[in-house]
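These are my notebook entries on one protein model. I set down what I looked up, entry by entry.

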Amino acid sequence: MATMGVLGPRGTHSEAAGFYLSRQMPEVELVMEPDIYDCLQAAEENKVDMALVPVENSLEGVVSITLDTLAGSEELTVVRELIWPVHNQLMARCKPEEVSRIYSHPQPISQCRAFLREHYPEAEIIKTASTARAAELVAEEPAFLGWAAICPARAGKLYGLTLLAREIQDNMANCTRFFLVEKRERRSEPWPMAKDRLGSKLLVICQIDGSKSGALYEVLGEFAHRGVNMTRIESRPARTVLGAYIFFFDLEADTCTGEAMQEAVEAVEKKSIWLKKLGPFPVLSAKEE
């Protein structure tokens, strides 16, 4: 049986997304990891066969540890992308008017600012390692304390909490992109997924000489001249010297020929200090179950 590392404990959005993917794969067991870095390390060290990690939230932006780890690894590659809808619920053992303290992961807290400001301006907000941990903490204490958790419905049910308010995120289009990551040597064969598939991408990571005027412009031109559509560009510090950056390009693999994509990447590689390709990989869109 194959194993998939996900951010635990049970009840997180990561666990729900992993469970969704595992149902499309033959005999996959989810392995809970304490943080995102541990998920990726477990895959790199063959402790699990693959890892599902968040890479970007539509409201809060990129997950830096995922990008930094992929940039620094020579072993890992991306084999799937999953777009997961984020639904935040307020759950507790007390009544809505009794809530005095609210627990959650920092991202859901940020994603629900308007709701919290309008309905619970006096409540103490406590940050936790995960939404599932927030639900667990609330479940451990008596109801009269007035503790509540912002968490997925699944987490609340796992820990016996009651729904106080549904869909409390500020933006109903809130979603998180996940990467399913494997070691290059293991890369598995694709499985049927036509109903969820949106297309295919290639992730290109490279370091460009920032001391050269127009260097980034020239790189972007290599993609544009060949009709390669770029859906996202991100930069992260190279961690070498101040002012040195690594760039991440998400490229649509279905909107151009394979020859055009190859030529563009080869041209960019000549203009880079170093370059690596992750993919191509299919992009899936899921509905929370």
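**Entry 1: helix H1**

I began with the buried residues of H1, which are His 13, Ser 14, Glu 15, Ala 16, Ala 17, Gly 18, Tyr 20, Leu 21 and Ser 22. I note here that the model is a predicted one. I then asked why H1 can be called largely enclosed by the rest of the structure. The reason is that 9 of its 10 residues are buried.

**Entry 2: Leu 82**

I looked up Leu 82 and found its place in strand E5. Is Leu 82 buried or exposed? Leu 82 counts as buried because its relative accessibility is 2%, and the cut-off for buried is under 20%. Leaving aside neighbours within four places in sequence, I listed the contacts of Leu 82 as Ala 17, Tyr 20, Leu 21, Thr 176, Arg 177, Phe 178, Leu 284 and Ala 286. Ala 17, Tyr 20 and Leu 21 are among the buried residues of H1 that I recorded above. I also compared Leu 82 with Pro 282: they are 200 residues apart in sequence, but their C-alpha atoms are 8.6 Å apart in space.

Not counting residues up to four places away in sequence, Ile 205 touches Leu 70, Ala 71, Ile 246, Phe 247, Phe 248, Trp 274, Leu 275, Lys 276 and Leu 278.

**Entry 3: cysteines**

How many disulfides does a search of the whole structure find? The search finds 0. I checked two cysteines for the reason. The cysteine sulfur closest to that of Cys 94 is in Cys 151, at 13 Å, which is too far for a bond. For Cys 151, the closest cysteine sulfur is in Cys 112, at 10 Å, and this is also too far for a bond. For scale, a disulfide needs the sulfur atoms within 2.5 Å. I noted that Cys 94 counts as buried at 7% relative accessibility, as does Cys 151 at 0%.

I turned to the largest pocket, which holds about 410 Å³ of space. Its lining has 22 residues, and those closest to the centre are Leu 7, Ser 14, Pro 54, His 105 and Gln 107. H1 (13-22), E3, H4 (106-111) and E11 each supply at least two residues of this lining. H4 gives the most, with 3 residues. By class, I recorded 10 nonpolar, 11 polar and 1 charged.

The second largest pocket holds about 200 Å³. Of its 16 lining residues, Glu 81, Ile 83, Leu 198, Lys 201 and Val 283 are the closest to the centre. The elements that give two or more residues to this lining are E3, E5, E11 and E12, and E12 gives the most, with 4 residues. I recorded its classes as 4 nonpolar, 6 polar and 6 charged.

**Entry 4: backbone exceptions**

Most peptide bonds are trans, and most residues other than glycine have a negative phi. I looked for exceptions to both.

The peptide bond from Gly 8 to Pro 9 is cis, with omega near 0°. Pro 9 lies in the loop between strand E1 (2-7) and H1. A cis peptide bond also joins Gly 279 and Pro 280, with omega about 5°; Pro 280 has its place in strand E15.

Asn 46, which is not a glycine, has a positive phi of about 65°. I located Asn 46 in the loop between H2 and E3, and Asn 46 counts as exposed at 51% relative accessibility. Glu 167 has a positive phi near 50°. Glu 167 lies in the loop between strand E10 (162-165) and E11, and at 26% relative accessibility Glu 167 counts as partly exposed.

Terms used: Residues numbered from 1 in each chain as written. Predicted model: local features only at pLDDT ≥ 70, side-chain atom pairs only at ≥ 80, totals over all residues. Heavy atoms only, no water. Contact = heavy atoms within 4.5 Å. Buried < 20%, exposed > 50% of the residue type's maximum accessible area, 1.4 Å probe, protein only. 1 Å grid on protein atoms, 1.4 Å probe; cavity = no way out; pocket = protein on both sides within 12 Å on 5 of 7 lines; lining within 4 Å. Points joined across faces, edges and corners; volume = space filled by probe spheres on them. Nonpolar A, V, L, I, M, F, W, Y, C, P; charged D, E, K, R; others polar.
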